[in-house]
Amino acid sequence: MHLPFEQFPKLGAIKVCRHVFVQRIPGIDVSDDKPKVLKRLDAAHCEIRNATGFGGWPLFTAEQVHGSKIAALDSRFQSRFTRLSPSKRGEDEGEGSQQTDRGPTLILPLSLTKGEATQDVRLRAKDSEKAGILKKCQTEFPACDGIITNQRGIALGIYVADCCAVYIVDPKTPAMGLVHSGRKGTELGVVTNAIRKMTEGFGSDPANMIVQLSPCIRPPHYEVDFAAEIIRQCRALGVRHIHDSSTCTACDLHRYYSYRAEKGKTGRMLAVLGLDPLIANLVGKQPNQ
Ligand SMILES: [Zn+2]
């Protein structure tokens, strides 16, 4: 099967990160509401994540409410989780048959009640809090439009159809952010907020950051050039390396979904970004060295 995705050369050149932008999936009926459509797209999205180096990585997504809040996933947050090896899965009574095999590790939430590590954003473990297991290895942060992290081996995901997915990578720290920024979010400064939080939380310097804008709707198909505004906002914070795909989603409905062009009955592209765990091994102590 042809896997419809694209990767951006400037992000691909960064050794510390992996990324992908999943395009329109042919042959899937997307003329339904968003939750149903995302469910139909999930298998293809998962297959493409597996094919691009994200197999077995937990996926963290945002509720995406066209606001400006950013969730932070840092080491304090990470310490709430323990990894469970595949051989131990069977010990969880009744869970084995329901789990989809998405990779070598599952993540167990130890505590989901306190939100201080996530900057006022509390974690919602989808359909899993009772069982204590993230069956689908996917966790959604409610009421936010972007996630930042300095943790490796974790995939951040943002769904878009006309709005821009903004990839932010600080290869030096390293740290990263992935943001959903459409017309409203851009007006509210959601990307600005993410860059500031990376600076405050992880010590990132905007001068070291590489920012990549995904395909999104643009004039003349849309009345506001919010991609240009995102670039202006990044420059104002001192970001020097900004790359725009310069692609309009409404111009190519064979490759992309467009909320505007398809009058709301459409699917979602999936942007994914993660920090490579191998880099951690190179920096840290190798057991067999
Ligand atoms: Zn267009």
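What you have here is a predicted model, where local features need pLDDT of at least 70, side-chain atom pairs count only at pLDDT 80 or more, and totals for chains, interfaces and linings use all residues. Residues are numbered from 1 along each chain as its sequence is written, and side-chain values use heavy atoms, with hydrogens and water left out. The chain holds seven helices and 14 strands; both are DSSP runs numbered from the N terminus, with helices being H or I of at least four residues and strands E of at least two. Of its 289 residues, 55% are buried, and buried means under 20% relative accessible area, exposed over 50% and partly exposed in between (1.4 Å probe, protein chains only).

- The average pLDDT of the chain is 81, and 74% of the residues score at least 70; pLDDT is the predictor's confidence in each residue, from 0 to 100.
- Residues 79-135 have a pLDDT below 50, and beyond near neighbours in sequence this stretch has 110 contacts in the model, a contact being heavy atoms within 4.5 Å.
- Residues 279-289 also sit below 50, with five contacts beyond near neighbours in sequence.

- Six strands make an open sheet, running 4-8-11-10-12-13 with mixed pairing; two strands pair if DSSP finds at least two bridges between them.
- Strand 4 (70-73) and strand 13 (241-244) each have a single partner strand, so these edge strands have one side left without a neighbour in the sheet.
- On average, neighbouring strands of this sheet are turned by 15° against each other, direction ignored.
- Strand 4 runs parallel to strand 8 (residues 146-149), and four bridges link the pair.
- Across that pairing, Ile70 has Gly146 as its bridge partner, while Leu73 sits opposite Thr149.

**Nonpolar cores**

- The largest nonpolar core has 48 residues, and Phe21, Leu156 and Tyr167 touch the most other members; such a core is a set of buried Ala, Val, Leu, Ile, Met, Phe, Trp, Tyr and Cys residues joined through side-chain atoms within 4.5 Å.
- Elements giving two or more residues to this core include strand 2 (17-22), helix 2 (34-51), strand 3 (59-62) and strand 9 (155-160).
- Strand 14 (269-275) is on that list as well, and it gives the most, with six residues.
- A second, separate core of 29 residues includes Cys164, Ile168, Ala175 and Met198.

- The Thr173 to Pro174 peptide bond is cis, with omega near -15°, and Pro174 lies in the loop between strand 10 and strand 11.
- Another cis bond runs from Pro219 to Pro220, with omega near 5°; Pro220 is in the loop between strand 12 and helix 6.
- His66, in the loop between strand 3 and strand 4, has a positive phi near 60° without being a glycine.
- At 35% relative accessibility, His66 counts as partly exposed.
- Ser246 also isn't a glycine, yet its phi is positive at about 55°; look for Ser246 in the loop between strand 13 and strand 14.
- Ser246 has 54% relative accessibility, so it counts as exposed.

Note on methods. Axes fitted to C-alpha atoms, helices over the stretch in contact; angles between N-to-C directions.
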